[in-house]
Amino acid sequence: MSNWISEQAIKPWQILADCEVLQPTGQHGATSSFIGTMRDFSERENLEKMVLEHYPQMTERYLAKLEKLARCRWPLQDCVIVHRVGDILPGDPIVVIGCWSAHRRAAIDACDWLIEELKHNAPFWKKEFGPEGAHWVEQNTDGHSLGNKP
Amino acid sequence: MAKTINQMSIQVKFFASLRDKIGKADIELDAAKDPAEAWTLATDNAPRPDNILVAVNLDYARFDTPVKDGDEVAFFPPVTGG
């Protein structure tokens, strides 16, 4: 099991590299990863910073549950989930997910499922700060449609 | 009825924008049969937004999930992590 909440800045590529070296040589044929990074803009204004609040204890419990479910649903060799909380600046990584499997479909699908579950069900809340002041983000964008808009 | 001393009771928590709207982060209640009643008692009967979520003892629950002495009930808005 490898998942945790970080109140400090995270280095996603280092986390993935650290997990990669632990994998038995020749056992995995696919690695899929997702890194979420803070933008300096939202749909309403430019952003200066963000505060990510969470529900301590429930969040850790939920991350562990998600990893367990992903490992049950797909034949994953390994999985890592790390999520930031606290003060975050544009360009800062917010979340990193890595999935290792013998075959690509399991790794890709598990990674996709995990980020959507994190965004829509894990108890985190974003508060954005910009020139117009601070406001809570009411809902996340739809990860399966917005990115396809021309 | 809200409690002022720490003994077996229902611990109620509010998070994010809901905490700002309610004006408090947590409160203890003597008792409540379910989260719906806990909301009423903890908020002095404030209107309950349609989209809020509830957890009992760190797991998602319903507003009619039975709660017992010592339980923790949390109310929060739709989540926005990731």
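What percentage of the 150 residues of chain A count as buried? The answer is 47%, where buried stands for under 20% relative accessible area, exposed for over 50% and partly exposed for the range in between, with a 1.4 Å probe and protein chains only.

Before I go on, a word on the basis of these values. This is a predicted model, in which local features need pLDDT of at least 70, side-chain atom pairs count only at pLDDT 80 or more, and totals for chains, interfaces and linings use all residues. Residues are numbered from 1 along each chain as its sequence is written, chains are lettered from A and ligands numbered from 1 in the order in which they are written, and side-chain values use heavy atoms, without hydrogens and water.

Let me begin with chain A as a whole. Along the sequence their order is β-α-β-β-α-β-β-β-α-β-β.

The C-alpha atoms of chain A occupy a box of roughly 55 × 35 × 25 Å along the principal axes.

A contact here means heavy atoms within 4.5 Å. Among the contacts in chain A between residues at least 6 apart in sequence, 74% join residues at least 24 apart.

As for the surface, chain A has an accessible area of about 8200 Å², and 51% of this belongs to carbon and sulfur atoms. Such areas come from the Shrake-Rupley method with a 1.4 Å probe, and for residues only the protein chains shown count as cover. Chain A carries 16 positive and 21 negative charges, whose mean positions are 5 Å apart. Lys and Arg count as positive, Asp and Glu as negative, and His and the chain ends are left out; each charge is placed at NZ of Lys, CZ of Arg, CG of Asp or CD of Glu.

I turn now to the aromatic residues. Rings of Phe, Tyr and Trp (the six-membered ring of Trp) pair if their centres lie within 6.5 Å; planes under 30 degrees apart are stacked, over 60 edge-to-face, and the rest tilted. Over all chains, the count is 12 aromatic pairs. One of them joins Y55(A) and F76(B) edge-to-face, at 6.3 Å centre to centre with 70 degrees between the planes. This pair crosses between chains: Y55(A) sits in the loop between β3 (49-54) and α2 (58-73) of chain A, and F76(B) in strand β5 (residues 72-76) of chain B. Y55(A) and F76(B) are both buried.

Within chain B, the ring centres of F14(B) and F75(B) are 5.8 Å apart and their planes are at 25 degrees, so this pair is stacked. Because F14(B) belongs to strand β1 (residues 10-14) and F75(B) to strand β5 of chain B, the pair ties together parts that are 61 residues apart in sequence. Both F14(B) and F75(B) are buried.

Which residues do ring pairs link into a cluster? They are Y55(A), Y62(A), W125(A), F15(B), Y60(B) and F76(B).

Next, some individual positions in chain A. F124(A) lies in strand β7 (residues 124-130) and is buried, at 0% relative accessibility. Its C-alpha atom is 9.6 Å from that of P56(A), 68 residues away along the chain.

A122(A) is found in the loop between α3 (104-121) and β7 of chain A, and is buried with a relative accessible area of 0%. Apart from residues up to four places away in sequence, A122(A) touches Y62(A), E117(A), Y60(B) and V79(B).

Q23(A) is in the loop between α1 (12-20) and β2 (30-37) of chain A, buried at 8% relative accessible area. Beyond neighbours within four places in sequence, Q23(A) contacts H28(A), Q77(A), D78(A) and W100(A).

Finally, two backbone angles in chain B. A16(B), in helix α1 (residues 16-22), has a positive phi of about 55 degrees although it is not a glycine. L58(B), in the loop between β3 (53-56) and β4 (59-60), also has a positive phi, near 75 degrees, and is a residue other than glycine. A16(B) is buried at 0% relative accessibility, and L58(B) is buried at 16%.

Methods:
Helices (H or I, at least four residues) and strands (E, at least two) are DSSP runs, numbered from the N terminus.
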